[in-house]
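Hi,

Here is the structure I promised to pass on. Have a look at it, and then read on for what turned up.

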Amino acid sequence: MRDHLLIHVNGHLHRVEGAMAFQSLSNFLRYQLTLIGTKVVCAEGDCGSCTVLIGRVEHEHIEYRPVTSCIEFLYQLDGAHVVTIEGLAYGDQLNPVQEAMVRCHGAQCGFCTPGFVVSMCAAIARGETEREQLRAALVGNLCRCTGYEPIIRAGLEVNPRAMRCIDDIYPPAPLIDSMSAAAHEPVLIHADGRTFFKPTTLAGAVAFKATDPACVIIAGGTDVGVQMNKSLRDPRVVMTLAGLSDLRQITSSEGMLTVGACATLTELERSTQLCCPELNAMLRRHGSPLIRNAGTLAGNIANGSPIGDAMPALFVLGAEIELASQGGATRRVDINQFYTGYKTNVMRPDELIARVHIPLPSANELFKLYKVSKRHDLDISSFMAAFHARLRGNVIESIRIAYGGVGPVILRLPKTEAFLTGQPLDEATMAAAGELARTEITPISDVRGSADFRLQLAENFIRRFHAEVTGSQSLVASRDGNGNGRVR
Amino acid sequence: MGVIGKDIPHDSARGHVTGQSLFIDDMPFARNELLVDFVGSPVAHGVIESLDLQAAREVDGVVALLTAKDVPGHNTFGAVVKDEQLLVGDTAVFLGQPVVLIAATSQPALRAAKKAIRLTMRPLPPIFSIDDAIAANSFLGGERVIARGNVTTALASSRHVLEGSLVVGGQEHFYLESQAAVAFPGEHGAITIHSSTQHPTEVQSLVAEVLGVPFNHVTCIAKRMGGAFGGKETQAAQPAMMAALVAARTGRPARIVYNKDDDMRTTGKRHPFKSWYTVGFDDDGLITALDLKLFSNGGCSTDLSLAVLERAMLHSDNAYYLPNVRITGRVCRTNLPSNTAFRGFGGPQGVVNIENIVEEVALSLAMDALEVRRRNCYGTGTRNSTPYGQRVQNNTLPRIFEKLSVDADYFQRRREIDTFNATSKTHLRGLSMTPVKFGISFTKKTLNQANALVNIYTDGTVMVSTGATEMGQGVHTRVRQIVADELGIAYDAVIVGATSTDKNHNTSPTAASSGTDLNGAAARDACCKLRARLAEFAARELADAAAGLDFSREHVQFQDGMVFDTRDPSRRMRFAELICRAYIQRVNLGERGFYATPGVDFNRETGKGHPFLYFTNGAACSEILIDRFTGEMTVTRVDLLMDAGQCINPGIDRGQVVGGFVQGMGWVTTEELKYDDAGVLLSHSPTTYKIPAISDVPRVFNVEFLDNPDNAVSLYRSKALGEPPLLLGISVWTAAKDALSYAGSRQIPRLQLPATVEQILTALTRQTGPAAPSTQPAIRAEIG
């Protein structure tokens with residue numbers, strides 16, 4: 001059992017011991033290594049100024065992904081290679097992204113710029129060079145000066161062939177073995193009254209959790225990290241499941257998608273591209289690419305927020321949560337029975353989420369997901385709706401509706417569902433159902449919207465669902481009508 | 001070949017893209033340096049009952065705990081009126097107002113000390129809203145009036161009269177670098193302070209006053225800011241004073257860097273406004289009279305609120321001639337952090353009022369709003385006098401309307417939208433073109449001055465420093481271009497030094513879009529003096545009696561790093577060589593320049609004057625798409641046309657236009673400040689406060705400059721561009737209002753600003769609902 005962390009930064013190995021292991025990556029970079037190009041603005045993963053690349057060994061190569069370093073903690077990074085803005089220049093030369101950003105006035109005050117450069121380098125290295133791809137790749141980076149248009153222009157001006165991949169700057173050969181070895185070694189650190197454990201077997205993880213039920217499990221850390229930075233939470237015992245490579249898997253068979261607890265939302269997004277485009281589209285609005293490169297579906301479920309973006313879909317699809325406990329025991333719980341109240345659930349102290357099983361909608365079923373947020377992207381939902389229905393002719397044979405952001409937990413609408421079952425899918429029926437839907441929810445007024453707003457949306461989304469599944473013509477018309485506009 | 005007018009990258013661009021540019025918290029820690037934080041008032045309004053620091057004092061690593069009684073000089077300060085306290089003496093007037101300063105050796109020690117401080121306060125009734133402040137007669141300063149003609153008579157004889165009110169929200173600056181400062185104690189009470197400030201001179205003087213030392217004991221250095229937008233004009237001073245106080249009391253360097261949440265919770269924002277208006281107009285939409293009452297929410301102290309209100313009033317005409325007009329304004333005193341400068345400085349709040357009114361006039365006459373706008377637009381010979389008496393000269397507004405309506409295909413798109421909205425069950429489109437006429441100059445006459453220092457070194461390189469601070473807007477780049485061209489040397493031979501009060505004294509804030517106009521002119525003045533002196537010297541060096549070339553300074557030219565005699569350009573030497581010879585011959589190679597804007601003045605009492613040197617004009621045409629079921633809005637196409645005169649740097653100017661527009665778009669759409677009943681700001685970080693993201697940028701986004709060589713009054717015939725483009729974001733809001741007018745029975749939609757998803761859905765529901773009120777209630781009577 002190792003008692004320290006092994007982390008590479010810009011090609012150099014760092015041994016991190018004791019209490020140092022518990023600090024955020026951005027603090028480590030800025031104040032220990034004096035890599036001040038990484039800026040911290042929000043300390044909650046919501047602005048991207050601290051973006052760095054995290055490289056991990058996957059299938060015999062190092063996969064680099066941009067993440068927000070402010071909510072990434074060193075203990076999550078054992079065996080990883082961190083590449084910062086300082087590590088992306090070609091020696092004394094600017095790289096093509098940096099050159100284009102200079103030429104196109106992509107930087108004004110300069111505070112967000114390193115984050116943009118890192119995200120853009122990662123995007124272009126992945127071959128994402130088109131306007132829409134760049135817009136999607138950079139959505140987690142906020143800029144207050146430029147209005148973004150010069151940054152997009154810079155991205156479009158980069159010659160992708162002139163870009164060197166990260167492996168060219170940091171040849172994997174000397175890195176990959178030590179990274180891989182470190183990643184597969186268990187780590188246990190005690191310092192200043194805190195404990196960190198990185199198990200390498202599920203049995204080890206479950207056993208550790210059983211000994212200390214207060215242990216907080218960190219997968220991506222995108223929720224817990226924010227809470228720690230904002231002094232809302234200070235866990236004394238932390239465990240990451242990063243060493244359990246089995247739990248990174250996503251598999252699909254016979255209409256069932258099985259998602260390991262450590263699979264990132266980015267991996268889930270990729271896996272749903274073909275098998276469930278509707279879910280895929282929703283995942284693309286989940287946080288930002290920087291968040292999805294760290295966050296996990298299991299983390300979303302364990303956090304249990306009633307405004308978690310992935311939640312309503314899982315409710316109408318009847319996803320099952322696989323819980324592992326000691327002695328290799330597992331049980332599956334329907335997500336509809338999982339929560340007992342605001343952020344409380346049926347998990348026993350010695351259990352942890354191992355996998356999520358999602359039955360995918362079949363081609364003859366209607367499956368629609370909606371999200372309303374103050375800003376289209378990089379925003380948590382004010383309101384979410386999920387519909388899963390089967391029609392026979394024009395009659396609703398069965399329907400499941402789940403709303404998020406309207407109560408302490410995600411709510412199914414049993415009365416509305418019962419009312420609609422067997423009814424024709426027409427405007428009058430749906431309007432009546434909309435009014436009924438209002439009565440089944442208990443929204444509050446908060447920073448993201450008033451109760452009245454949410455009640456109105458609860459009603460309108462039933463009508464929106466109807467309009468969309470029956471009259472998609474008008475939606476197409478609006479897209480054509482304004483040439484380049486988009487319909488949300 | 002000169003560099004003025006060239007698209008040259010920002011002078012820090014290379015450092016920015018490599019992460020090498022230094023901001024305050026990037027400076028290396030000095031030996032013994034302390035970290036500073038504070039504990040603020042837990043109530044928005046209340047009196048300190050007890051304060052127990054004992055437990056905090058015992059925290060390991062805590063070096064000092066300071067309260068109001070530890071301030072050696074003045075604890076009271078203010079940019080205009082001294083009505084703010086650095087540390088609460090007795091009564092706190094906003095939530096989070098600093099009570100105790102903590103200095104410690106580490107972040108954990110700071111956190112532990114914060115937890116250990118026991119502060120109890122007796123709450124007093126707070127006021128947060130404009131309505132409550134009006135009811136309680138709680139104001140800062142008196143009522144201001146700008147008036148012309150006889151509004152009462154004109155309204156009585158107007159063919160149509162419309163009344164209404166408008167609620168306009170505030171805006172968080174969201175500069176990415178939060179407020180920050182580092183103070184270094186020097187000898188004999190001196191302090192050097194590095195501050196992320198737009199106004200080094202004010203930091204210098206306030207730090208001196210809080211420490212009780214003469215101004216010449218304090219040096220303030222401002223290398224650059226990670227964004228400011230007005231938020232660091234006055235309010236960078238508080239953290240600077242805190243760091244300085246700790247440095248002075250402990251004798252150790254002290255650093256304070258606000259976290260984003262504290263920054264958003266405890267610093268001021270763009271002023272929210274509420275207004276009531278009565279407008280008279282004829283059948284053609286021509287405005288005959290306007291009575292407009294503006295109220296701003298100033299927060300807890302005066303700060304710049306009176307000047308912001310004044311600019312709002314001076315911009316309530318925007319592009320329109322108002323024959324009979326009465327604009328009154330008052331600043332409400334509330335228990336919020338003192339609201340402050342924000343790009344536009346009241347201008348946006350004034351302009352949105354008249355644009356809203358024009359939109360309603362058009363709707364009530366079933367006319368196209370663009371027609372109403374063009375009809376009321378200031379003329380080029382007649383109908384060109386503003387309510388405060390200044391004539392609109394070199395008026396490009398009619399040309400801008402004409403050109404943009406063609407370029408943006410306005411009328412064709414209007415017809416398409418009419419058809420679309422009549423048929424689509426799911427969406428509504430809206431289209432609007434709004435202009436801007438922004439007055440350039442500080443309305444406070446004194447501030448329209450600047451000085452510059454230009455030093456030429458013996459290798460022929462030049463360092464220029466001015467009072468202009470760099471916040472990303474590119475003022476240093478422009479000053480470099482100016483100095484390079486004026487001395488006829490390469491751009492790379494010039495650098496701009498960090499702004500510092502020991503090089504440039506008594507500087508004005510870099511604000512009011514005037515950074516380049518003022519400081520560039522001062523730098524040019526210094527260069528002209530140097531050039532004259534060097535021409536004299538060069539004329540002697542180049543003169544050759546044998547060749548028949550007598551001494552003639554008029555024939556000396558500086559160009560491309562060379563100095564030559566225009567009568568025989570082969571008689572030349574390198575600039576560096578000339579400088580070297582001049583040094584040996586004891587010629588003064590440094591110079592100060594000065595500039596004071598001529599002819600500007602404004603009388604606050606009469607509301608009359610000539611406050612602006614010129615106007616920067618432009619227009620935006622925005623189209624939006626609204627989901628009828630949810631209220632979600634997408635900006636689908638934007639066309640901008642700016643009259644920037646002759647650009648000094650078209651690339652940087654374009655950046656100001658695009659960036660300003662998107663910031664304005666954020667103000668009118670997604671940026672919403674939400675407070676709870678106790679005055680707690682709920683939207684205090686990017687998770688809950690939503691500035692535009694990259695995906696909010698319209699997919700069709702055309703930006704063009706109007707060719708205008710006629711702005712002879714300003715530096716190289718350029719026009720200031722820092723603030724004006726922000727006001728073009730208003731077109732997105734009026735486009736939303738336009739779209740909503742198509743819902744239901746084409747009534748005048750009621751819409752607040754920002755037009756959030758919720759606001760739009762509420763307006764949609766009201767427009768289409770069974771019990772929608774037909775017009776806005778007339779609330780004028782309540783105000784009297």
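Let me start with helix H2 of chain A, residues 96-103: 6 of its 8 residues are buried, so the helix is largely enclosed by the rest of the structure. Keep in mind throughout that this is a predicted model. The buried residues of H2(A) are Pro96(A), Val97(A), Gln98(A), Ala100(A), Met101(A) and Val102(A). What do they pack against? Within chain A, the partners are helix H3 (113-125) and helix H5 (149-157), and chain B joins in with helix H1 (13-18). Just after H2(A) comes His105(A), with a positive phi of about 60°.

Another spot in chain A to look at is Lys39(A), which sits in the loop between helix H1 (25-32) and strand E3 (51-58) of chain A. Is this lysine buried or exposed? Lys39(A) has 29 C-beta neighbours inside 10 Å, so it counts as buried; the cut-off for that is 20 or more. Leaving out residues up to four places away in sequence, Lys39(A) touches Ser49(A), Cys50(A), Phe111(A), Pro114(A) and Gly115(A). For a sense of distance, Ala122(A) is 83 residues from Lys39(A) along the chain, and their C-alpha atoms are separated by 18 Å.

Now chain A as a whole. It has 18 helices and 20 strands, and 55% of its 488 residues count as buried. For 488 residues, a compact globule would have a radius of gyration near 23 Å, and chain A agrees with its 23 Å. Along the principal axes, the C-alpha atoms of chain A fill a box of roughly 65 × 60 × 40 Å. If you take the contacts in chain A with a separation of 6 or more, 66% of them are between residues 24 or more positions apart.

On to the sheets. In chain A there is an open sheet of 4 strands, ordered E6-E7-E9-E8, with mixed pairing. Strand E6 (187-191) and strand E8 (216-218) of chain A are at the edges with a single partner strand each, so one side of each has no neighbour in the sheet. On average, neighbouring strands here are turned by 15° against each other, direction ignored. E8(A) runs parallel to strand E9 (residues 237-240) of chain A, and 3 bridges join the two.

Strand E19 (residues 449-456) of chain B is antiparallel to E26(B), with 7 bridges between them; Gln449(B), for instance, is bridged to Ala596(B) in E26(B).

Next, the core. The largest nonpolar core has 402 residues, and the members that touch the most others are Ile102(B), Val207(B), Ala243(B), Ala244(B) and Ala736(B). Helix H15 (residues 515-542) of chain B gives the most to this core, with 11 residues. Zooming in on Ala244(B), and skipping residues up to four places away in sequence, you will see it touch Ala183(B), Ile191(B), Ile193(B), Val207(B), Val210(B) and Leu211(B).

One more residue in chain B is Ile327(B), located in strand E17 (residues 324-333) of chain B. Ile327(B) counts as buried because it has 30 C-beta neighbours inside 10 Å. With residues up to four places away in sequence set aside, Ile327(B) touches Ile146(B), Leu292(B), Leu294(B), Met313(B), Ser316(B) and Pro387(B).

Finally, the contact between the chains. How many residues does each chain put in? Chain B brings 76 residues and chain A brings 70 residues. On the side of chain B that touches chain A, helix H17 (residues 650-668) of chain B has the largest share, at 8 residues. That side of chain B divides into 26 nonpolar, 31 polar and 19 charged residues.

Cheers

Terms used:
Residues are numbered from 1 along each chain as its sequence is written. Chains are lettered from A and ligands numbered from 1 in the order in which they are written. This is a predicted model: local features need pLDDT of at least 70, side-chain atom pairs count only at pLDDT 80 or more; totals for chains, interfaces and linings use all residues. Two strands pair if DSSP finds at least two bridges between them. Two residues are in contact if their C-beta atoms, placed from the backbone, lie within 7 Å. Ala, Val, Leu, Ile, Met, Phe, Trp, Tyr, Cys and Pro count as nonpolar, Asp, Glu, Lys and Arg as charged, and the others, Gly among them, as polar. Axes are lines fitted to C-alpha atoms, for helices over the stretch in contact, and angles run from 0 to 180 degrees between N-to-C directions. A nonpolar core is a set of buried Ala, Val, Leu, Ile, Met, Phe, Trp, Tyr and Cys residues joined through C-beta atoms within 7 Å. A residue is buried if 20 or more other C-beta atoms lie within 10 Å of its own, exposed if 12 or fewer, and partly exposed in between; C-beta atoms are placed from the backbone. The radius of gyration is taken over C-alpha atoms; the globule rule is 2.2 Å times the number of residues to the power 0.38.
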